[in-house]
Amino acid sequence: MNHVVLALVIAFITWYVATAMPMFLRWSCYLGGPLVGGFVCGILFGNITYGLEVGATIQLAYLGAIAVGGTLPSELAIAGYLGTALTMSAGLSAEAGLTVAVALGSLGLLCRNAYMTLNSIVVHKADQYAAEGNARMVRLMNQYGSQVVPFLCYFIPGFLAMYFGSQAIESLMAVIPAKVITALGVTGGLIPALGIGLLLTYVWDKRFLPYAFIGFFLVAYLNLSIMFIAILGACIAVLYMFAADRREDSK
């Protein structure tokens, strides 16, 4: 795919996922997550395995991330889609790309805060039409007018970052010493541990600790695959829920 076209497509998808995609698709189906972003970028770049590897690595950093009162710790659409695309275009390892994606996600909050602030203009305009009883314009302002500022805040920076950023990263990687690149990979390997640690702070419960240790020892000493442990854990979780329901019914 032509580089300009690819940059346009990535920028468009980043804008759509960040602001225009229905909320249930973004969060309930998790299409806004880095893992799905890696899959989409893998299709666009013609290397799904590489895309999933990068997306999954980025996803680990945000396992414990939650939105509290609408406040996000990072802009996942930019980290997951744009970050993965830049990593793949520059040919970075998944670990090194993670440091790029996390930095982009933090900078992406500027885009989010900008459009949330500037979109108040559209809200007041919609209020004006509502006071006039113009239901059609109220609907248009909410459906289309509210996307003008987000499009400018996400699409244009996304396109510029994709068009110029990949070349800049490639040029930068060519002059960076190998030791620095190795350090980036090590740093990238530590960030997923932080994400898993954040996740554990939410699920840490003495009732569930034995299950966590059982899973750890099954992997560490029996060399069982993560997929097997995930399926086994899901089955145990379902059995636990059934047992809890029966205890509630017997009371």
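This is a predicted model: local features need pLDDT of at least 70, side-chain atom pairs count only at pLDDT 80 or more; totals for chains, interfaces and linings use all residues.
A nonpolar patch lies on the surface. Its members are Phe208, Tyr211, Ile214, Phe228, Leu232 and Ile236. Together these residues have about 490 Å² of accessible area. Two helices, H11 (209–222) and H12 (226–250), each supply at least two residues of the patch. The largest share, three residues, comes from H12. Tyr211 belongs to helix H11. Its relative accessibility is 37%, so Tyr211 counts as partly exposed. The class follows because partly exposed residues fall between the 20% limit for buried and the 50% limit for exposed.

Neighbours within four places in sequence were left aside in listing the contacts of Thr84. The remaining partners are Gly38, Cys41, Gly51, Val54, Gly55, Ile58 and Ala79.

Helix packing was examined for H6 and H7. Two packed helices are described by the angle between their axes and the distance between the axes. Helix H6 covers residues 94–118, and helix H7 covers residues 120–131. They pack at an angle of about 25°, and their axes are 4 Å apart. H6 is therefore roughly parallel to H7, as angles under 35 degrees are classed in this way. On the H6 side, the residues that meet H7 are Met116, Thr117 and Leu118. Their counterparts in H7 are Ser120, Ile121 and Val122.

Definitions and conventions. Residues are numbered from 1 along each chain as its sequence is written. Side-chain values use heavy atoms; hydrogens and water are left out. Patches are made of residues with over 30% relative accessible area and no salt bridge: like charges are joined within 9 Å, nonpolar side chains (Val, Leu, Ile, Met, Phe, Trp, Tyr) within 5 Å. Accessible areas come from the Shrake-Rupley method with a 1.4 Å probe; for residues, only the protein chains shown count as cover. A salt bridge is a side-chain nitrogen of Lys or Arg within 4 Å of a carboxyl oxygen of Asp or Glu. Buried means under 20% relative accessible area, exposed over 50%, partly exposed in between (1.4 Å probe, protein chains only). Contact means heavy atoms within 4.5 Å. Axes are lines fitted to C-alpha atoms, for helices over the stretch in contact, and angles run from 0 to 180 degrees between N-to-C directions. Angles under 35 degrees count as roughly parallel, over 145 as roughly antiparallel, 65 to 115 as roughly perpendicular and the rest as oblique.
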